[in-house]
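Please keep the sequence and the structure at hand while reading.

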Amino acid sequence: MNKLKSRLADLPVAQLRSISRGIEKESLRVQPDGRLALTPHPEALGAPLTHPNITTDFSESQMELVTGVHGSVESCLAELTQIHQETYRALAAAGDEMLWVSSMPCALPPDEMIPLGFYGSSNVARAKSVYRMGLGHRYGRRMQTISGIHYNWSLPGVTSDEYFALIRNFRRHAFLLLVLFGASPAVCSCFVEGRPHELQPLGSDTMYLPHATSLRMGRLGYQSDAQASLAVSYNNLDGYGASLEDALTRPYPPYEAVGIRNPGGDYNQLATTLLQIENEFYGTIRPKRVIFPGERPLHALRERGVEYVEVRLMDLDPFVPIGIKAETARFLDMFLLHSLLSDSPPDTPEEIAALGRNQHRTAARGREPGLMLERGGREVLLQEWGAELLAQFDPIAEALDTAHGGNAYRTALNAATAALHAPETLPSARVLRSMEEEFGGSFKSFVGERSTQTRAELLTLPFDADLQARFSRLAAESVEARKRIEAADSMPFEQYRQEYTSPKRLGLRAGALMVNAESV
């Protein structure tokens, strides 16, 4: 604790004020009856390939709303609100679709009917769709419809080694975020149909676990037997890069059996290796670097180091119109600063395995009284460990409030501390209570009603002419940018695919395949 206080005191106030954050938020488009919308991405919202704020994730029906980089929580959430307003206005103009406000999906059609994201006819657009086809073959399309919020965070002056130290501590303490902010304790029965699971029935169309916090981050979520074989270390950039490169170049027999193309000539996946591309690697947090057009993310990291981290374990909060509240974002700021400033010993294969068990235990049973987690080869009460961590956040809250003025960080810490000691007030408990008391135990009815209320609330917010003009301009510019990319293509797609997935492009000083768009 004394070391943490000393390191915190060494940070200039100007540096603390320079924390940057941005948000990416995924949500499914649904029909009023709670079924997945199978319509194309709304034309009024421009081209998902090139729009800076509004795109799609795995599915054509899965929107991804992206803010810019912000120096304050308030401005970040204000922009996220405006992007939501524009999205809801476009959906309302086209019909009665809305965004599903839960991380766990709505009523889904058969797997093969879940539409993949479509980005146009250019090589980079085709590669994005083929990558998604590969994800469907490897993990099933249902799993890919799970949605969440990604919190991108950076602090000026932090080195790659320091970011990796942050990542190690984040992974050690991630259980606390699952407890405090997990909001997916139940799922639609259709999601687990035909799959082994340990869930219990709740109502006629719902499965749940009574003490679950985030089924999205548990065994039903982003899990992969293939990726379970990866022993990725976060001790330094070299080791991380080497383990990721191994996964990107190692042939994997089950995926070789799927093949690059089917007998009809259509593409099944981008590659037959354990990972097609870097983004396929699942994790609660990722080291990131803004890439040049056409550059592989791993090459960018190796060439120029870590620029920011991407927090990937946050559920959508169904009680908040934009899925995350300012208090939560401020808590993440404190959590990440604590991860950065605390001692962070190297990880080991044994610790990595224990952290995985802690994650699954917390996701499925995080509110269970007396739940024990593994720490340093011993078992410790989740409540006790969580309380220790929150106590260590005290000087961080004080420093951030001093830097920014006011007491917003102290308020966020007090709220988290109160919630940890009153599990019935946690989002996961509130979801179950509302579901049982107001909706007969129906996940679909609860989320449907919350989605309808959210739609109405966001549509009633003021949206002035300048904002309308700005988003109209962005949509038009994105379409023109997509057309330019398509017109500039001169390479056959198969050549593009082979060059993009070439192992030589993962190392230092590898030549970049230049295309005028983001990477796949």
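## Contact of H6 with H15

In this predicted model, the axes of helix H6 (residues 160-181) and helix H15 (residues 408-420) come within 10 Å of each other and cross at roughly 80°. Since angles from 65 to 115 degrees count as roughly perpendicular, H6 and H15 are therefore described as roughly perpendicular to each other. On the H6 side the contact is made by Leu176, Val179 and Leu180, and on the H15 side by Ala416, Ala419 and Leu420. By class, the residues of this contact divide into six nonpolar, no polar and no charged.

## Contact of H16 with H17

A second pair of helices, H16 (residues 427-439) and H17 (residues 443-460), has axes that come within 9 Å and cross at roughly 100°, which makes H16 roughly perpendicular to H17. Here Val431, Ser434, Met435 and Phe439 of H16 meet Phe443, Ser445, Phe446 and Glu449 of H17. The contact of H16 with H17 is made up, by class, of five nonpolar, two polar and one charged residues.

A polar atom of the Glu295 side chain lies 2.9 Å from the backbone nitrogen of Phe292.

Helix H10 itself (residues 297-304) has Pro297, Leu298, His299, Ala300 and Leu301 as its buried residues. Among the elements that cover these buried residues of H10 are helix H8 (237-249), strand E9 (285-288) and helix H19 (493-500). After H10 comes Gly305, with a positive phi near 85°.

## Glu310 in strand E10

Glu310 is part of strand E10 (residues 308-314), and with a relative accessible area of 2% this residue is buried. Its side chain makes a polar contact with the side chain of Lys288, at 3.5 Å. Apart from residues up to four places away in sequence, Glu310 touches Glu24, His150, Tyr151, Asn152, Thr284, Ile285, Arg286 and Lys288.

## Gln15 and Pro156

Gln15 lies in helix H2 (residues 13-16). Although Gln15 and Pro156 are 141 residues apart in sequence, their C-alpha atoms are 6.7 Å apart in space. A polar atom of the Gln15 side chain lies 2.6 Å from the backbone oxygen of Pro156. With neighbours within four places in sequence left aside, the residues in contact with Gln15 are Leu155, Pro156 and Gly157.

## Cysteines

How many disulfides does the structure hold? The structure holds zero disulfides, and the distances between sulfur atoms show why for the cysteines considered here. A disulfide requires two cysteine sulfur atoms within 2.5 Å. For Cys106, the closest cysteine sulfur is that of Cys190, and at 7.5 Å the two are too far apart for a bond. Cys106 is also buried, with a relative accessible area of 1%.

For Cys190, the closest cysteine sulfur belongs to Cys188, and the distance of 3.1 Å is likewise too far for a bond.

Methods: Residues numbered from 1 in each chain as written. Predicted model: local features only at pLDDT ≥ 70, side-chain atom pairs only at ≥ 80, totals over all residues. Heavy atoms only, no water. Helix = DSSP H or I, 4+ residues; strand = E, 2+ residues; numbered from the N terminus. Buried < 20%, exposed > 50% of the residue type's maximum accessible area, 1.4 Å probe, protein only. Polar contact = N/O pair within 3.5 Å; in protein donor to acceptor, adjacent residues only side chain to side chain. Contact = heavy atoms within 4.5 Å. Axes fitted to C-alpha atoms, helices over the stretch in contact; angles between N-to-C directions. Parallel < 35°, antiparallel > 145°, perpendicular 65-115°, else oblique. Nonpolar A, V, L, I, M, F, W, Y, C, P; charged D, E, K, R; others polar.
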